[in-house]
Amino acid sequence: MRLATWNVNSLKVRLPHLKDWLAAQQPDVVCLQETKTEDASFPLGEIEAAGYRALYAGQKTYNGVALLTREAAADPLTSIPGFEDEQKRVLAATLGDMRVVCLYVPNGQSVGSDKYYYKLDWLDALIAWLRAELARYPRLAVLGDFNIAPEDRDVHDPALWAGQVLVSDEERARFRALLDLGLKDALRLFDQPEGSFTWWDYRMAAFRRNLGLRIDHILLSPALAERCRACQIDIAPRRLERPSDHAPVIAQLD
DNA sequence: ATGGCGCGCGCAGCGCGA
């Protein structure tokens, strides 16, 4: 069982990359973020032709999440219960005895901004919800663009980024709160090279210089972490023409 | 490093992302 997450930064633009990548990596479950596609224009035919079912919660221009699965998923949810939000950032569904949650955590723009406080509130609601989900679903996988670099080793230049959005103490405390629920950061279950990142700015040749951040994550409940045999960032799609600025992350479970 | 890129929208140039 291979679980993956990828912020595609427009599903319409990235569809050729996505199809090639599905064929190459053969994931069983794929969480997509920033589809920027209304549901009426979701490319369901092409996804089905690639061998996947799809659930999606999109909106015009911004945000949007999708869940691609080999088998049909049940009990979909498209928001954090009790958290009123027009923005399409959440998609949860059940596959067999596993609950999968796809997230596009708010960016936060800059520390102290309205969007930053929206991000913190959103994360607080997420933590409370996932606490309940963990109690209900022992096999829980939470994948997505968290827009948080959890530790300094997840940042190419910690001094440059210190205190900025994506690395601030308040954001990192909320990421730790997710781990304190019992969720495991799948990539950190295994040794990784220094400078393992999932996002690189389009500007300044940041990818070539590996000036990146690790902000896309796969979190696994203890029962799933036990079954996790590998976790990798796949930087190959970031090398292509017109890439997403994010790379996919894949976890292999028994 | 503070912008340089790339996206959607819509047809110019802006808001947004991270």
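1. The expected span of a helix is 1.5 Å times one less than its number of residues. In this predicted model, helix H5 covers residues 169-180, and at 1.5 Å a residue its twelve residues should span 16 Å, which agrees with the 16 Å that separates its end C-alpha atoms.

2. Which residues of H5 are buried? They are Glu171, Arg174, Phe175 and Leu178, and, seen down the axis of H5, the buried residues fall within an arc of 100 degrees, so they line one face of the helix. As a reminder, an α-helix has 3.6 residues a turn, so residues three or four places apart point the same way.

3. The face of H5 that is turned away from this buried side carries Asp169 and Asp180, which are exposed. On the buried side, the covering elements include helix H3 (114-136) and strand S12 (216-220). Just after H5 comes Gly182, whose phi is positive, at about 115 degrees.

4. Strand S12 also belongs to an open sheet of six strands, which runs in the order S5-S6-S7-S8-S12-S9 and has mixed pairing. Its edge strands are S5 (74-77) and S9 (184-185), each of which pairs on one side only.

5. Within this sheet, is the pairing of S7 with S8 parallel or antiparallel? Strand S7, residues 98-104, and strand S8, residues 140-145, pair in the parallel sense, and six bridges join them. To place this pairing in the structure, one can look for Val101, which stands opposite Val142 in S8.

Technical notes
Residues are numbered from 1 along each chain as its sequence is written. Chains are lettered from A and ligands numbered from 1 in the order in which they are written. This is a predicted model: local features need pLDDT of at least 70, side-chain atom pairs count only at pLDDT 80 or more; totals for chains, interfaces and linings use all residues. Helices (H or I, at least four residues) and strands (E, at least two) are DSSP runs, numbered from the N terminus. A residue is buried if 20 or more other C-beta atoms lie within 10 Å of its own, exposed if 12 or fewer, and partly exposed in between; C-beta atoms are placed from the backbone. The arc is that of the directions from the helix axis to the C-beta atoms. Two residues are in contact if their C-beta atoms, placed from the backbone, lie within 7 Å. Two strands pair if DSSP finds at least two bridges between them.
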